[in-house]
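Biologist: Could you take me closely through one part of this model, the sheet and the pairing of its strands, and then show me what else is worth a look around the chain? I'd be glad of a connected account.

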Amino acid sequence: MSEDMSEDMSEDMSEDMSEDMSDAAGTEAGWQAALDGFVPVPAAHARPELDAATARHLLRCPPPVWARLTAGGLPARPAPDGERYDSRDLFNLAVHSGSRVSVPEVALSLALRFTRQDPRHWSRTRAWELRTTLTCLRHEGEGHWRAWPPVPYDTPAAGAGPRRWSGPEAVHTLSHRVRTRGVHARLVGPRLRAETADELARPLRYVRMPAAVRADAAWMAERGLVDCVSGTLSLARRLTAAGYEVRGRTGWLVGPEVCDHTWLDVRDDDGQWKSVDVAHHHLARTLFGPDAVAPETFAGSRPDRLVASAAPPGEQLFAHRCRTAPADLDCRISAVSR
């Protein structure tokens, strides 16, 4: 880990984590509220991969809470070695529990803690080295791979497409060096500000869903759910109808952990491209409270932790096909700030 990243992660961490962990045990009321609004992954798309012990470790909830969750709507799918759970169901419960000790809450709070810092900490230029390891867990025969590489943010290559290759190997490692530039800005166009504020004010629940589910905009909207793809596409339609030029961006949020992400750029009335991040707006409000993050952080600004690709919104950044159908692709990405 670089000295720069170590500084970012450690700065004020003891104070923040002490505050965030002050009610570490959580409350049954918080877990019950999470359960009341819980929408499980549809059975046809479920991926029950975690046993009960692993699921409980992920949630870090006391036994009475676990009993209430399993009795009250957390789906358990039968397996030869006992009941198993979908990690996305567990994530969607934990992130809305307010427990502050579940694995998803702690990880996301660290990933987004920069949003609570002074903008000078995330509005700068940085160099990153990304290392991606792709593994087909059930590889058989010739493999066909596809990967969207990073592109320069402000000058994306016109018509840039993914890299494609084939070979018998079950594991491939990709390395990229990229530079990111953070920008602290505000939306200035009166109509743009109003349309964006109205969209961000919608009472939506941040979730993680399979790609096929989140692509169904009507299904997500009917249940008041949002993720980075559905939120970006919804805002893009609204701003396009209002006469604004927009471009959906798909890439990665890098830092202590790396995850794929989708957000929107819009050309403001001053001619500048500004970023709007619907999903992280809702997620930050859930994790830190509605007034903990400055409004322009996700409506006008762009943190130095966003790495763009040329992939369209909703496109898988990495894909693999071999004789095993569907391919079970494991993707692990690390990022080091240079």
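Modeller: Strand 3 and strand 6 run antiparallel and are joined by 11 bridges. This is a predicted model, so please read each value below as computed from predicted coordinates. Within this pairing, Thr-132 has Leu-174 of strand 6 as its bridge partner.

Strand 3, residues 125-136, also pairs with strand 15, again in the antiparallel sense, over 9 bridges. Leu-130 has Ala-335 of strand 15 as its bridge partner, and Thr-135 stands opposite Asp-330 in strand 15.

Put together, these pairings give an open sheet of 3 strands in the order 6-3-15, with antiparallel pairing. Strand 6 (171-181) and strand 15 (329-337) are the edge strands, each pairing on one side only. On average, neighbouring strands of this sheet are turned by 20° against each other, with direction ignored. If you follow the side chains along these strands, keep a general rule in mind: in a regular strand they alternate between the two faces of the sheet.

Two packed helices are described by the angle between their axes and the distance between the axes. For helix 3 (residues 28-36) and helix 5 (residues 63-72), the axes come within 10 Å and cross at roughly 15°. That angle makes helix 3 roughly parallel to helix 5, and their crossing is right-handed. On the helix 3 side, the contact is made by Glu-28, Trp-31, Gln-32 and Leu-35, while helix 5 brings Pro-64, Val-65, Arg-68, Leu-69 and Gly-72. Sorted by class, this contact of helix 3 with helix 5 has 5 nonpolar, 2 polar and 2 charged residues.

Helix 5 also meets helix 4. Here the axes of helix 4 and helix 5 come within 11 Å and cross at roughly 115°. With that angle, helix 4 is roughly perpendicular to helix 5. The crossing of helix 4 and helix 5 is right-handed. Ala-52, Ala-55, Arg-56 and Leu-59 in helix 4 meet Pro-63, Trp-66 and Leu-69 in helix 5. The residues of this contact divide into 6 nonpolar, no polar and 1 charged.

Most residues other than glycine have a negative phi. Against that background, Arg-60 deserves a look: its phi is near 55°, a positive value in a residue other than glycine. Arg-60 is partly exposed, with a relative accessible area of 44%.

Arg-100 lies in the loop between helix 6 (87-94) and helix 7 (103-112). At 32% relative accessibility, Arg-100 counts as partly exposed.

Finally, let us step back to the whole chain. The chain contains 12 helices and 15 strands. Of its 338 residues, 48% count as buried. Among contacts between residues at least 6 apart in sequence, 74% join residues at least 24 apart. The sheet you asked about gives examples of pairing across the sequence: Thr-132 with Leu-174 of strand 6, and Leu-130 with Ala-335 of strand 15.

Note on methods: Residues are numbered from 1 along each chain as its sequence is written. This is a predicted model: local features need pLDDT of at least 70, side-chain atom pairs count only at pLDDT 80 or more; totals for chains, interfaces and linings use all residues. Side-chain values use heavy atoms; hydrogens and water are left out. Axes are lines fitted to C-alpha atoms, for helices over the stretch in contact, and angles run from 0 to 180 degrees between N-to-C directions. Helices (H or I, at least four residues) and strands (E, at least two) are DSSP runs, numbered from the N terminus. Angles under 35 degrees count as roughly parallel, over 145 as roughly antiparallel, 65 to 115 as roughly perpendicular and the rest as oblique. A crossing is left-handed if the near helix is turned anticlockwise from the far one by less than a right angle, and right-handed if clockwise. Contact means heavy atoms within 4.5 Å. Ala, Val, Leu, Ile, Met, Phe, Trp, Tyr, Cys and Pro count as nonpolar, Asp, Glu, Lys and Arg as charged, and the others, Gly among them, as polar. Two strands pair if DSSP finds at least two bridges between them. Buried means under 20% relative accessible area, exposed over 50%, partly exposed in between (1.4 Å probe, protein chains only).
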